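Student: Could you walk me through how to read a model like this one? I'd like the general idea each time, then the case in hand.

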Amino acid sequence: MKKTVKAVVLSSAIAIVLASCASTPKFDQEMYDAAYNSEDYATCAAMLEGKKPGNNAIKNSLDVNMLKYYADDYAGSGKGFVETKQQFQDVTAGMTPAKVMQAALVSENSVEYSGPVYERILSYSMRVVDSIQLDAIDSAVGVMNDYTGTYKDIVETVVNQQKELEEAAEGKSDDVEKALEVYKKAGLTIDLGQFTAPAKYKSSYETSPLMSYLGTVVYAANDDFDHAKDSSLMLKKDNADVDVADTVSVPAGKGRLEVLALSGTIGKREEFATDLVAVGAVYGIPVMFKMTYPQFNAANANHSINAVEVTLSNGETKVASLVEDFDKAVEDDVKSKQAGAYARSLTRNIVKNSVAIGSVVAADITRQKAPNDMAKKIAEAAYTAAIVALPKAMPLIIDAEKADVRQGEYFPHMASAAGFTVDAGTYTVTVKYLAKDNSVVAEKTIENVVVNNGKVSVTVASCAK
């Protein structure tokens, strides 16, 4: 009994601390982690909203919107995703090859985060899901109409633009040519042929199985079976394993219940760094390069949920079909960016080291051209200082070389669905989230789901574990 009382007191104390943290705009990583681990997503959202995002405004918005979703603030989440849509479009309009090349000379993370295509589509998907959670099918239909009517074209434009930007970023700039001349003056000729970039990869992520599934069930739930069938045809191309035959054509005397289950959080990209590459020496000091770029390692994703089982109160149980694994989208995006990121990283190595070397070259030239003993003495001191500074500057250049691994962190890992053709009635839906050994990671219950004859009903369960 004493242990129970102590636990209650401790949990109450933690709740007070976390509640106070939600009221302050100051971001504290330790308190944020504590809130997240205790599934206090509302506190996490409030803390992120108070954090200055810098050039990560879109990433911050995506994370806040998803945290609000997990906190059951579906109206706030949906409104936030509408605002993020505008942010996406504003950033895209201002994104140019010159801005991408800025990353080649400064750092990958110095450029404003613009988000990959899959995040833009997922933002739309979550707006539909938010509407379903609010039991506002008409709003969900409005989002689908917006997507199929206009935004799909915008996404295609973004796909083409990002390909062009990546290609432009791989070109050799005038800054590189100037830097190579500095190396030559220092007695070092760099063979650029010794560097091997990752293979170029063309992104294949241009449509989302989840978006096609949502279009199918939302239009059907709104009795618009013509558009539902159109979406189902796209779903069949994207993922033929998801059976929606009874959803687009409900059997006579029956109703249809579609259960969408979102699980886990999306896998995270990581940094890959090459071994140090010795490109030669200047003034007896070795010159080392290190290239970085993003990578995705599925083995490091460490997802606790492997499958989803859905049971209705009439006793029917189904293992939900996987609609979409968003880790695949991350991997696709990462692979499409690796060649460009490597090229920019190589550019930074060449240019930044040349700046440090250039100071020695300039000091060396000055001392050789000194017109008198006094000037020569001063020039010798400057040359010595530059030589001493060079081996100290080079490791800092290496340490500063970081890959861009930014992304929305709280999108779901998987979207799974189970459809039931049932008699009209009111049902309780139980969703079990299962680990690889079939143990139950979490269980969600949805009460009072009404299904009518000839109609389609849609409900959603989520688990961020």
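**Reading the model**

Tutor: Let's begin at a helix end: α7 is followed by Asp135, whose phi is positive, near 60°. Bear in mind throughout that this is a predicted model.

Student: Then confidence comes next. What is the mean pLDDT of the protein chain?

Tutor: pLDDT is the predictor's confidence in each residue, from 0 to 100. Here the chain averages 90, and 91% of its residues reach 70 or more.

Student: And where does pLDDT stay under 50?

Tutor: Over residues 1–25, for which the model has 15 contacts beyond four places in sequence.

Student: Back to α7. How far apart are its end C-alpha atoms, and what span should we expect?

Tutor: The expected span is 1.5 Å times one less than the number of residues. Helix α7 has 17 residues, 117–133, so it should span 24 Å; its end C-alpha atoms are 25 Å apart, which agrees.

Student: Is α7 mostly covered or mostly uncovered?

Tutor: Buried means under 20% relative accessible area. By that cut-off, 16 of the 17 residues of α7 are buried, so the helix is mostly covered.

Student: Now cysteines. How many disulfides does the structure hold?

Tutor: The test is a pair of cysteine sulfur atoms within 2.5 Å. The structure holds zero disulfides. Take Cys463, which is in no disulfide: the nearest cysteine sulfur, that of Cys44, is 15 Å away.

Student: Are those two cysteines buried or exposed?

Tutor: Cys44 is buried, with a relative accessible area of 0%. Cys463 is buried as well, at 4%.

Student: Last topic, pockets. How much space lies in the second largest pocket, and which residues lie nearest its centre?

Tutor: For a pocket, look at volume, then lining, then the elements that supply the lining. The second largest pocket has about 400 Å³ of space. Its lining has 20 residues, of which Lys51, Lys59, Asp63, Gln407 and Glu409 lie nearest the centre.

Student: Which helix gives the most to that lining?

Tutor: That's α4, with three residues. Both α2 (29–37) and α4 (57–70) supply at least two residues each.

Notes. Residues numbered from 1 in each chain as written. Predicted model: local features only at pLDDT ≥ 70, side-chain atom pairs only at ≥ 80, totals over all residues. Heavy atoms only, no water. Contact = heavy atoms within 4.5 Å. Helix = DSSP H or I, 4+ residues; strand = E, 2+ residues; numbered from the N terminus. Buried < 20%, exposed > 50% of the residue type's maximum accessible area, 1.4 Å probe, protein only. 1 Å grid on protein atoms, 1.4 Å probe; cavity = no way out; pocket = protein on both sides within 12 Å on 5 of 7 lines; lining within 4 Å. Points joined across faces, edges and corners; volume = space filled by probe spheres on them.
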